[in-house]
Amino acid sequence: MGTVARLLIRRIGLLIALLATVFVAVELLPGNTARAVLGRDATPEQLAAKRHELGLDRPLPQRFWNWITGVATGDFGRTARGMPINQLLADKFPPTLLLGGLAILLTVVISLALGSWWAMRGGSVLTRVLQPATTMAVAVPEFVVATLLILVFALGLGWLPAVTITGRSGFPAGADMAVLPVLALALPQIGWNTRVVRAAIADAARAPHVESAVLDGLSTRTVLLRHLLPFALPTIVASFATTVGMVLGGSLVVETIFNYPGLGAVLAGSVADRDVSVIAAVVALSGTVIMCMLALADAVRAWSLRGSR
């Protein structure tokens, strides 16, 4: 069995362990799912009947086993309010995927450009600005960035809307409504990945073949594209794969701030209802996406190491 396959199996095991932890954590939260669904005026008999209907009167390991075996067949079950979770995810995950995809695309393009420039032009004015700017971007969490963007571009300048209005398609009614959420997700990741790209290229530049290429008079662009980036690629791709997880996690918070129509609102509502099936389904879906991206990064790294031998 190859290294990538072993890593994939290990990550599937970690994902299952994480989902079990989610079940335990929700069980320990104060509150009652049946009470959240039926309201304060529900009688003890109604609460007991609802708990039996939802399976909450069964042992936690049995409930987790029933849920995870259903997931293995592609069925996430139903919410505590009776809606199919598969349909809920099908409606709400595409907007989140669009938001995260745009943030990741922006991160990849800008961090590659800035990191390469920083590595190749170490003494320029721009590179002296990048050192504190990227440090600040990494240090500030997404919800703080989102708040600052709203204060400046929505309330201060009035250029962009601070709240997302959902159209009939389930996506934002206007493209301008996605600008601030995308920036709130992308800016911290741009700061981090710019530093990673710069460090990876700087490490690759110490290789003897790079020094030979420079002495041969090759242009900076040629040296970067042919001799530096291919050797820095495994580190850069691994960083971008990690960014996928950070963006998906951050999007749940950013969506709530901007009233964006994605999984953020679903997760917030399910936590309020103590609906463990929905929470675990969101974690499973996000974890699968992250796991696939990490597997891709592992494959790129294995391919790069095989090509360098």
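**Figure 1. Overall fold of the predicted model.** The protein has 12 helices and zero strands (DSSP runs numbered from the N terminus: helices are H or I of at least four residues, strands E of at least two). From the N terminus on, the order of elements is α-α-α-α-α-α-α-α-α-α-α-α. This is a predicted model, in which local features need pLDDT of at least 70 and side-chain atom pairs count only at pLDDT 80 or more, while totals for chains, interfaces and linings use all residues. Residues are numbered from 1 along each chain as its sequence is written, and side-chain values use heavy atoms, with hydrogens and water left out. Of the 309 residues, 39% count as buried (under 20% relative accessible area; exposed is over 50%, partly exposed in between; 1.4 Å probe, protein chains only). Take contacts (heavy atoms within 4.5 Å) between residues at least 6 apart in sequence: 72% join residues at least 24 apart.

**Figure 2. The largest nonpolar core.** This core has 25 residues (a nonpolar core is a set of buried Ala, Val, Leu, Ile, Met, Phe, Trp, Tyr and Cys residues joined through side-chain atoms within 4.5 Å). Leu19, Trp67, Phe76 and Leu89 touch the most other members. At least two residues each come from helix 1 (3-28), helix 4 (60-72), helix 5 (85-120), helix 11 (263-273) and helix 12 (276-308). Helix 12 gives the most, with eight residues. Domain 1 (1-73) and domain 2 (85-307) both contribute, so the core lies between them; the domain bounds come from an automatic or database domain assignment.

Figure 3. Leaving aside neighbours within four places in sequence, Leu19 is in contact with Phe64, Trp67, Ile68, Ala280, Val283 and Ala284. A second, separate core has 18 residues, including Val145, Leu180, Ala184 and Val254.

Figure 4. Helix 8 (residues 179-204) has 26 residues. From first C-alpha to last it reaches 35 Å, close to the 38 Å expected at 1.5 Å a residue (1.5 Å times one less than the number of residues). A kink of about 30 degrees lies at Ala186, shortly before the proline Pro188 (the angle between axes fitted to the seven residues ending there and the seven starting there). Gln189 is also placed in helix 8. Gln189 counts as buried, at 5% relative accessibility. Beyond neighbours within four places in sequence, Gln189 is in contact with Thr107, Glu142, Thr243, Met246 and Val247.

**Figure 5. Two annotated spans.** UniProt (unreviewed entry) places the feature "transmembrane region" at several spans, among them residues 12-30 and 278-300; positions follow the numbering used here, feature names are shortened, and annotations may be inferred rather than shown by experiment. Residues 12-30 are 89% helix and 0% strand, with end C-alpha atoms 30 Å apart. Residues 278-300 are 100% helix and 0% strand, with end C-alpha atoms 33 Å apart.
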